[in-house]
Amino acid sequence: MTNSTYTTNAPLVMQAKGLVKRYGQVTALDGADFELRAGEILAVIGDNGAGKSSLIKALSGATVPDEGEILLDGKRIQFKSPIDARRAGIETVYQDLAVAPAMTIAENLFLGRELRRPGLLGSALRMLDKKKMLEESVARMAELKVGIRSMTQAVETLSGGQRQCVAVARAAAFARHVVIMDEPTAALGVKEGNMVLELIRRVRDKGLPVILISHNMPHVFEIADRIHIARLGKRAAVVNPKKISMSDTVAVMTGAMAASDLPAECLA
Amino acid sequence: MSSTASKLPPLATLGPFIALILACAFFATQSERFLSAQNFALILQQVMVVAVIAIGQTLVILTAGIDLSCGMVMALGGIVMTKMAADYGLSAPVAIACGMAVTMLFGLINGLLVTKIKLPPFIVTLGTLNIAFAATQLYSGAQTITDIPAGMTALGNTFQLGQTAIVWGAVLMLVLYLVTWFALRETAPGRHVYAVGNSPEATRLTGIATDKVLLGVYVLAGLFYGIASVLSVARTGAGDPNAGQTENLDAISAVVLGGTSLFGGRGMILGTLVGALIVGVFRNGLTLMGVSSVYQILVTGILVILAVATDQLSRKGVR
């Protein structure tokens with residue numbers, strides 16, 4: 001696949017070249033490439049063992065690849081932990097609702113990044129600025145049009161979809177470059193899943209590129225701008241969901257069809 | 001579901017307080033001496049050791065742990081500080097510092113075993129409970145240490161408030177509650193204690209060093225047990241190798257009666273103070289009624305089971 005087939009000319013935000021990751025005898029990533037462009041939702045799909053989760057782990061700092069390089073805004077980066085990735089402006093939303101249930105929405109949004117009061121109250125007494133965190137929470141949630149009224153209610157009083165919205169809103173509020181979403185709708189029902197999809201779209205429209213890992217093909221086709229197909233530890237193809245059928249996409253993913261057999265306009 | 005769930009916390013916070021008022025009302029009808037300022041000052045003096053141990057215990061239980069060693073570590077601290085003063089002639093502050101260093105060392109050991117080797121807190125502290133008990137007996141030779149400087153019992157002195165003599169240790173206890181209340185409620189490390197107890201994985205994923213939070217909690221608990229050692233020595237005027245035996249479970253009872261969930265992440269430090277007062281009021285009231293101490297232990301046991309059952313049942317509606 002060559003660059004000339006890209007349908008978009010938006011600048012590259014995140015890029016990986018020739019990533020290799022071995023676990024003993026198993027090669028999970030075998031020279032995988034990856035490109036995320038500004039302002040897009042890039043879905044990453046792949047069968048079990050295709051190297052999809054190893055790729056995402058490398059991008060989010062959860063594992064360190066053995067070979068290859070990762071570039072963020074053209075600069076080479078090396079993450080040793082998810083905290084490094086977060087410092088670089090990459091936020092990850094996990095499948096299993098990574099929120100503290102008995103704490104309030106505002107507390108969850110600012111967990112680990114609490115704001116302190118100005119002046120001596122903050123520096124000497126280390127007092128939290130609860131009012132400001134509350135106001136910012138209301139503003140962030142309104143910006144993303146999340147219809148939750150009170151930021152002081154415990155997260156456990158919310159539905160699963162609303163909880164996931166809190167996790168997505170937290171990522172969107174603090175990410176400066178990229179939001180990675182690992183199966184954000186997998187634990188949710190149809191209506192709740194759609195609510196989260198709508199939110200993901202608004203995150204993109206806010207200007208943050210989104211990497212979406214999902215098994216749910218209808219969701220992927222509904223929301224993705226481009227689809228990265230992982231296969232055998234490599235990138236098999238990047239396709240345009242508006243030009244390719246779901247069955248052809250699955251065929252490439254499972255290896256029933258070679259990417260080179262796809263018509264050129266399907267590629268993205 | 002959401003409406004009942006959001007109404008639960010106020011009930012959970014008020015419950016212990018209502019229980020305390022009811023207990024006071026009951027004992028007031030049983031003994032005319034119960035409702036007097038002197039008697040309340042006495043209750044404060046009786047509960048101050050348990051109440052300070054219970055602060056450390058609350059921190060541990062908020063992280064979904066438990067510390068079974070609390071009373072025995074407190075006893076060991078008392079023996080160390082009194083023997084340091086009696087055997088080596090160390091001044092009161094230095095001897096007290098030695099005792100508190102030992103209690104904090106036990107907290108550190110508990111914390112390291114829980115965070116680094118990932119052992120369950122129940123088992124770790126069951127082990128250190130026995131180690132601390134044996135160390136106390138061996139080091140003291142099972143003898144009470146009475147030859148101590150006056151400075152060590154200063155917190156057992158009283159001041160007059162109107163007609164009532166109030167012990168300084170009780171004031172220190174109340175101050176410690178206020179400081180902990182502030183730290184848990186208004187500072188980031190305090191909120192992280194709740195977060196770790198609530199969902200350790202979610203907390204770790206936000207970038208909080210959960211092991212450091214846990215380790216800090218166990219060491220701080222050791223600090224509170226050390227302060228309780230000082231109060232215990234001040235109250236009895238001696239290093240007592242048999243101290244801490246009722247305090248051990250009374251402190252856990254105080255936390256649970258105060259509405260803190262044994263499942264972690266939920267509870268309030270001022271609830272623990274109320275819980276400690278409930279334990280103290282029952283002990284005091286039953287004594288005034290002439291009920292033998294065995295029945296007092298029986299009642300404490302029943303109260304704890306009632307409190308845990310209430311906690312469990314009230315959580316069912318939420319999950």
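A: Two residues are in contact if their C-beta atoms, placed from the backbone, lie within 7 Å. The structure shown is a predicted model.

Q: Which residues does A:Leu212 touch, leaving aside residues up to four places away in sequence?

A: Its contacts include A:Ile41, A:Leu42, A:Ala43 and A:Val44, and also A:Met181, A:Ile200, A:Ile223 and A:Ala224.

Q: Which members of the largest nonpolar core touch the most other members?

A: In soluble globular proteins, nonpolar side chains tend to be buried together. Here the largest nonpolar core holds 179 residues, and those touching the most other members are A:Val179, A:Ile211, A:Leu212, B:Val52 and B:Ile53.

Q: In what order do the strands of the open sheet in chain A lie?

A: The order of the four strands is β2-β1-β4-β5, with antiparallel pairing. At the edges stand β2 (26-37) and β5 (75-77) of chain A, each pairing on one side only. From one strand to the next, the twist averages 25°. Helix α1 (residues 52-60) of chain A packs on this sheet and touches β1 (12-23), β2 and β4 of chain A. The direction of α1 makes about 120° with that of β1(A).

Q: How many bridges join β4 to β5 in chain A?

A: Three bridges link β4 (residues 67-72) to β5(A), and the two strands run antiparallel. Within this pair, A:Leu72 is opposite A:Lys75.

Q: What span should helix α9 of chain B have?

A: At 1.5 Å a residue, the 27 residues of α9(B), 210-236, should span 39 Å; the end C-alpha atoms are 39 Å apart, so the two agree. The helix is mostly covered, with 19 of its 27 residues buried. Just after α9(B), B:Gly237 adopts a positive phi of about 75°.

Key. Residues numbered from 1 in each chain as written. Chains lettered and ligands numbered in written order. Predicted model: local features only at pLDDT ≥ 70, side-chain atom pairs only at ≥ 80, totals over all residues. Expected span 1.5 Å × (residues − 1). Buried ≥ 20, exposed ≤ 12 C-beta atoms within 10 Å, placed from the backbone. Core = buried A, V, L, I, M, F, W, Y, C linked by C-beta atoms within 7 Å. Pairing = 2+ DSSP bridges. Axes fitted to C-alpha atoms, helices over the stretch in contact; angles between N-to-C directions.
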